[in-house]
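Trainee: I would like to go through this model and ask what stands behind each label.
Mentor: Go ahead, and we will set each value against its rule.

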Amino acid sequence: TDREKKYRPAYHHTPLYGWMNDPNGMFYKDGVWHLYYQYNPYGSKWQNMTWGHSSSSDLIHWNHEPIAIRPDGLGSIFSGSCAIDKEGTAGFGKDAVIAMFTSAGTSQMQSLAHSSDNGESFIVYPGNPVITLESEARDPNMFWNPETKEWNLVLAHALDHEMLFFTSPNLKNWTLQSAFGKGIGAQDGVWECPDLFQLPVEGSDEKKWVLLCNLNPGGIFGGSATQYFVGDFDGKKFTADTDASGNVVTKWMDFGKDHYATVSWSDAPDNRRTVMGWMSNWQYAADVPTKQFRSANTLPRDMKLFTQPDGQIYLASVPSPEVDALRGKLSASVSGKTVGKKGFDVSLPAANDGVCEISMTLDGKNSNDATITLSNKAGDQVVMMYDPKAHTFSFDRTKSGVVDFSENFPAVTVAPTFEQNGKVALRIFIDKSSIEVFGNDGKFAMTNLVFPNEPYSRLSISSPNGKVKVSDLKIYSIK
Ligand code: FRU
């Protein structure tokens with residue numbers, strides 16, 4: 001239908017039809033990025049979970065592949081991870097691709113499968129399940145730890161708001177080592193979809209561990225969202241960094257409403273830690289105004305750690321370098337301009353229904369807030385505001401187009417800008433039904449769905465209460 005065409009993303013991963021939630025089991029092998037996802041091939045609401053599969057050689061163009069894992073006698077196939085068993089520890093051969101997922105039947109159990117055709121199809125392990133617990137636990141995320149020479153696994157102990165840490169020599173026999181989370185960070189709802197990885201801290205020789213913890217509800221703007229903890233991991237136990245008063249600071253990976261179940265690719269090249277999130281929110285994912293397909297994933301993002309003046313270490317989400325290849329014709333360019341109340345307008349590219357990338361730097365030093373408005377002739381508008389005094393960037397989608405399908409959809413989301421000099425360099429990616437904003441090389445990221453009645457066609461920038469300097473404004477159409 002026209003509506004399907006109108007909102008189907010031009011450059012974000014999405015299934016051809018049917019329902020999708022969490023990205024699952026991503027791994028990289030032989031030049032191919034594999035992406036699995038929670039998939040219902042029979043309808044556009046959550047049910048009959050399988051692992052759908054897509055593959056890509058550039059993280060942008062995705063091939064639709066046959067369903068990789070289907071429900072079996074233990075239940076439907078919930079979220080999980082993949083890893084390459086380089087040593088053949090599990091007995092499925094050297095370099096076997098191993099999947100670990102939750103079998104969701106009468107209870108939630110953890111199961112194994114392996115692939116001998118590079119992830120096209122999987123054979124479930126006849127000895128499943130490999131982990132059973134009394135209470136709800138799911139979304140196993142495992143990786144080979146080269147330092148301890150054993151497998152590590154993080155499992156979400158959903159209702160207990162904690163992550164469980166296991167070790168194994170062979171992916172089949174697991175020993176529970178520790179738990180992390182009780183009373184720490186955002187505690188509402190359930191804890192789901194963990195990930196754990198080590199990253200260098202920018203500007204130092206230090207390395208730190210990052211524990212991703214998706215939770216629903218209880219997200220920063222209601223419903224689902226991704227929090228994370230930075231700390232240390234000794235192969236058995238995770239300890240989170242604290243602030244000067246000994247408290248663990250609650251940290252969010254994205255400051256929009258539509259970023260969930262984010263996990264990373266295993267075995268990515270060049271020590272990259274690349275992630276993708278589900279671009280929706282459990283509050284209204286089944287009600288969004290599309291029917292043939294429901295939901296897309298975020299742009300791929302590479303992870304970095306940076307330190308703030310108070311010593312706290314935060315996670316940056318940088319659009320993966322592959323995304324740059326999407327840049328098409330430069331449709332507008334403004335090198336420098338100081339704007340006041342009146343501001344200025346530029347047209348957005350009309351080609352390809354207005355999908356585009358906008359970049360600019362706002363210098364808010366000694367000045368006032370800046371307002372960036374996207375609008376169209378139907379009267380829809382998205383209003384973004386950078387407030388250099390409060391060090392915040394906000395996004396108002398209350399009048400962005402079709403918003404009435406859920407009372408939880410119209411919203412204003414706000415990010416800390418993490419800058420010290422008043423300058424914010426922005427990259428704004430507009431697709432047919434989503435807007436992603438990245439500030440200062442990913443120090444903050446903000447992902448929000450929008451359903452405009454027609455594509456946004458104008459960009460206006462002004463400073464309603466003073467003046468602000470805009471430089472290096474560039475608008476690229478998307479190839
Ligand atoms: C998160 C989640 C996971 C679960 C999956 C089921 O969105 O609830 O915890 O494995 O979805 O589809």
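Predicted model: local features only at pLDDT ≥ 70, side-chain atom pairs only at ≥ 80, totals over all residues.

Trainee: Which residues surround the ligand?
Mentor: Among them are Asn21, Asp22, Gln38, Met49, Phe78, Ser79, Arg138, Tyr260 and Trp282. Trp46 and Glu192 belong to the list too. A polar side-chain atom of Trp46 is 2.8 Å from an oxygen atom of the ligand, and for Glu192 the distance is also given as 2.8 Å.

Trainee: What makes Glu436 and Arg301 a salt bridge?
Mentor: Their closest N and O atoms are 2.8 Å apart. The rule asks for a side-chain nitrogen of Lys or Arg within 4 Å of a carboxyl oxygen of Asp or Glu, so the pair meets it.

Trainee: How many salt bridges does the rule find across the interface of domain 1 and domain 2?
Mentor: Four. The domains are 2-319 and 322-478. Between them there are also 25 residue pairs in polar contact. On the side of domain 1 that touches domain 2, the elements giving two or more residues are α1 (2-7), β22 (301-307) and β23 (313-319). β23 has the largest share, with six residues. By class, that side holds 23 nonpolar, nine polar and eleven charged residues.

Trainee: How many residues of domain 1 are in contact with domain 2?
Mentor: 43 residues of domain 1, against 41 of domain 2. The centres of the two domains, over C-alpha atoms, are 29 Å apart.

Trainee: What is the area buried between domain 1 and domain 2?
Mentor: About 3500 Å², with 61% of it from carbon and sulfur atoms. Tyr7, Tyr11 and Phe255 supply 21% of what domain 1 buries against domain 2, more than any other three residues. The size of an interface is often given as accessible area lost when the parts come together.

Trainee: What makes Asp30 an entry of its own?
Mentor: Asp30 has a positive phi, about 50°, although it is not a glycine. Most residues other than glycine have a negative phi. Asp30 lies in the loop between β1 (18-29) and β2 (32-40).

Note on methods:
Residues numbered from 1 in each chain as written. Heavy atoms only, no water. Domains from an automatic or database assignment. Contact = heavy atoms within 4.5 Å. Buried area = accessible area lost by both parts, 1.4 Å probe. Polar contact = N/O pair within 3.5 Å; in protein donor to acceptor, adjacent residues only side chain to side chain. Helix = DSSP H or I, 4+ residues; strand = E, 2+ residues; numbered from the N terminus. Nonpolar A, V, L, I, M, F, W, Y, C, P; charged D, E, K, R; others polar. Near = heavy atom within 4 Å.
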